[in-house]
Amino acid sequence: MLGWIDTLLQGILLGGLYSLYATGLSVIFGIMRLVNLAHGDLIVLGAFLILAATAAGAPLILAFAVVVPLMFFIGYALQSALLNRALGRNILPPLLITFGLSIIVQNGLLETFSADTRRLDIGPLQSASLPLGSGLAVGLMPLICLGAAIGVIVLLNSVFYRTPLGRAFRATSDDVEIAQLMGINNRSIYALTMGIALAVCAIAGFFLGARANFDPSIGPARLLYAFEAVIIGGLGSLWGTLAGGIVVGLAQTIGAHIDPEWQILSGHVAFLIVLVIRPRGLFPRAVD
Amino acid sequence: MRPEANKPAALGEGRHSPRFAVATATRASIIAALAVIPAVLILIALPAFADRALLQELFYVFTMLTLAQLWNLLAGSAGLISVGQQAFVGMGAYALFAFTIIAGLDPVLSIVLAGIVAGALAVPAALIVFRLRGAYFAIGTWVVAEVCRLVLAQVKHLGGGTGTSLPPDIAGSMIGLDFVRHLFRVRGPAARDILSYWLALVLVVGTFILVYRLLRSRHGLALSAVGDSEPAAESTGVDVFRTKFLIYVVTAIVTGMVGALLFLQKARISPDAAFSLIDWTAYVIFIVVIGGIGTMEGPIIGVVIFYLLQYYLAALGSWYLILLGALAILLMLFAPSGVWGVISHYFDISLFPVRRRLVVPERAGLRKESLR
Amino acid sequence: MAVLETRELTAFYGDFQALFDITFTLDEGETVAVIGANGAGKSTFLKAIAGLLPRPAAAVRLDGRDIGTLPAYEIVKLGVALVPEGRRLFSSLSVEENLLVGAYGRRRGGAWSLATVYQLFPMLRERRHSPSMALSGGQQQMVAIGRALMSNPRILLCDELSLGLAPIVIRDIYAALADIKARGTSVVLVEQDLAHAMAVADRAYCFMEGRVSLTGRPQELTRDAIHAAYFGL
Ligand SMILES: Nc1ncnc2c1ncn2[C@@H]1O[C@H](COP(=O)(O)OP(=O)(O)O)[C@@H](O)[C@H]1O
Ligand SMILES: [Mg+2]
């Protein structure tokens, strides 16, 4: 029994990480209807950039504080220089550009950092945990990660729902043609969107590296988890994405509890089941 | 419109309707059609002159060309952008190993059965991933491929996560092997290469015929309607879902057969190799994109370019992949219709005319317009 | 001098040419109606002015200045606002957010603010927090007009304000339009409803198949002339 409670707790905490993976993807899709196939690799890039900064001598917090805005600028530049040129009704060009980007980032990391597995050194936090009584405990770092996932959503929501810029984002998402008639430059909105998404990728990369081992090849799997969380969540809101992340996290830990080899498979299967019984996800968008 | 409406036929005459006709054949296409038959005959006879290495290279080129033409049918014609075709390559390959090792069937027969298995997988897969639109469909197909990979990694009879090899006696017992051995007076392994080469040739030629006929059929018209606009297609009475579904399953069947043949030739399988995104989808997309998506000629040019790049640059390892990725991005930005798109734009030629063209005589003072 | 002028304006959708050499002027404070059958190119004309379609260089001038190369989001900052056909409100935004987003790119001072828009359309104040799609067609049209006004335009381009609305609602909308005109705003009024358009217009252009087929003052245009210009009979 205790084992199961522990499994559920771990699943929810893992869901926090997956929700961080998914938030950027969700924002990009929500505003631009674009799917970024390089998303997972960009999360891994974030982890490696933080690793490189610490290896160069920066304290972890400073490395984090530098890499998050750096990734924002990478995202902004990426959108302005590449993806904005491929906007249009045909989804193939932007999709394949991100596919090419995925391969470039993955192999670029491989060339630069080798295929070795790495981990961010977070000191004593690594093993710190919070006892919950009756033998249960949750790791402090996973808990902080879940908190960060919630914090990111609160922050983004307050930008989207409480600022003029946020209104411009939502207007662009609703109808980009009319948004331009309001004086909104949709291309710069898109560039900002990609910047925000990549800043969140950097945060996700930090927690990826702090919680587990990583190497250049693990990006695509993160993309799939993120994607599943977004679809399960239902594209309605970022809170839906958090719920979706938790569903994937729970499915994986429950699967792993039954047989460790089933962890990843259970997450995918849960996704397919949701797709069959609720094709629009748990919290669908009101108007499509 | 029936396919035999090739010959220009006057449909209207008058002050406002100059004599015009709807045609699908072009002069280049007729020359191409006349050239194809001897070319195929030469390729069939090639094992009599060529050495084993050349046959092996051509085997790879033919299988990649088949996969590319199939992906092109999906993405270029039906608008189904899949990044999960490795699901069907891997499924076909594993089915071949299961049919031969576990059930003891003949490998050539098993290739056909493997296609059916892949098609059978495609039916439920389609019912699920067709619920996703556009770019999300792409990732959905990838999830399906991952599920297949992870499930097959659990099948201990076929080696689990590490995979297994095809026992030599199985590959040595193929139907037709004795015939080839006697015909060319070669030993077992060489005879196997020749047989695999022929099978690959059958698949590539068969796929071209299949795709060509499909695009020129009523379904082909439906497809081009789907590609342009779904609501519009629906308003013409075309069942969009059925057409896409059909294409998806047919493509999966042939993709599964290619997968079976590929791994019969490799004689060794593992989940990572059989369900490789890079090998069976990324390269394939690259071939289609560089050659020219949405045309039948594109993949032919694409596979040649891809083969040359692979031949000269594959030793660069990850830099090679970075280069392919960068090339694909540049293409999407500056020449999204690929090399063939540029050529056919400048020279207005078409070897596989699957589009109907409105032919208006020059003397009417009108430019020739091609109808999409 | 004309505030807004087009010279040989053409517009294309892909290979399809929707406008042929439209030459048009709008004077300060004037209301000009653009009428014509469905598909004549009226909406295309407004979209081309507003910058939503590519135009030939120097085909559109504002105060004599070429705005043909500017993107839509710059043109609105110069004081040209479009009320699009079918209203096209932002569906996930509330009524008030729709109005506020109309002021997003505002660079011009002027009379319009949330308060004055609510004065013009008092109904909207009561429903300010409703989702925009929950409103009736007439109220949505008011939001669309209010949203355009929030940029403080000198020139208001209106595309089929009366489309799908009940006569009594149309009357309210046109009453509001009279208020807007009274503040000196120049208006280009695209309408299929001839009676309303002609009642408020100083001049009219009739479009047929992408070309101007007739132009003049409403009182000078006979029914027969308009009929011929409409349908090419
Ligand atoms: N987005 C579009 N794509 C292609 N053709 C269009 C598009 N919008 C309008 N058209 C065509 O352009 C012509 C003019 O349309 P429009 O300006 O909407 O006419 P109006 O507003 O006068 O009814 C019509 O023939 C219409 O079919
Ligand atoms: Mg119109």
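Predicted model: local features only at pLDDT ≥ 70, side-chain atom pairs only at ≥ 80, totals over all residues.

Colleague: Where in chain C do S43(C) and E85(C) lie?

Modeller: S43(C) is in helix α1, while E85(C) is in the loop between β6 (80-83) and α3 (95-102), so the pair ties together parts that are 42 residues apart in sequence.

Colleague: Is S43(C) buried or exposed?

Modeller: S43(C) counts as buried, because its relative accessibility of 17% falls under the 20% cut-off. E85(C) has 32%, so that one counts as partly exposed.

Colleague: OK, switching to ligand 1. Which residues are around it?

Modeller: Y13(C), F16(C), A18(C), A37(C), N38(C), G39(C), A40(C), G41(C), K42(C), S43(C) and T44(C). They divide into five nonpolar, five polar and one charged.

Colleague: Which element gives the largest share of that shell?

Modeller: That's α1(C), with three residues. Both α1 (42-50) and β2 (16-27) of chain C supply at least two residues each.

Colleague: And which backbone atoms lie by an oxygen atom of ligand 1?

Modeller: A backbone N or O atom of G39(C) is 2.7 Å from an oxygen atom of the ligand, and one of A40(C) is 3.2 Å from an oxygen atom of ligand 1. On the side-chain end, an N or O atom of Y13(C) sits 3.4 Å from a nitrogen atom of ligand 1.

Colleague: How much of ligand 1 does the protein bury?

Modeller: 62% of the 560 Å² that ligand 1 exposes when taken alone.

Terms used: Residues numbered from 1 in each chain as written. Chains lettered and ligands numbered in written order. Heavy atoms only, no water. Near = heavy atom within 4 Å. Polar contact = N/O pair within 3.5 Å; in protein donor to acceptor, adjacent residues only side chain to side chain. Areas by Shrake-Rupley, 256 points an atom, 1.4 Å probe, with all protein chains shown as cover. Helix = DSSP H or I, 4+ residues; strand = E, 2+ residues; numbered from the N terminus. Nonpolar A, V, L, I, M, F, W, Y, C, P; charged D, E, K, R; others polar. Buried < 20%, exposed > 50% of the residue type's maximum accessible area, 1.4 Å probe, protein only.
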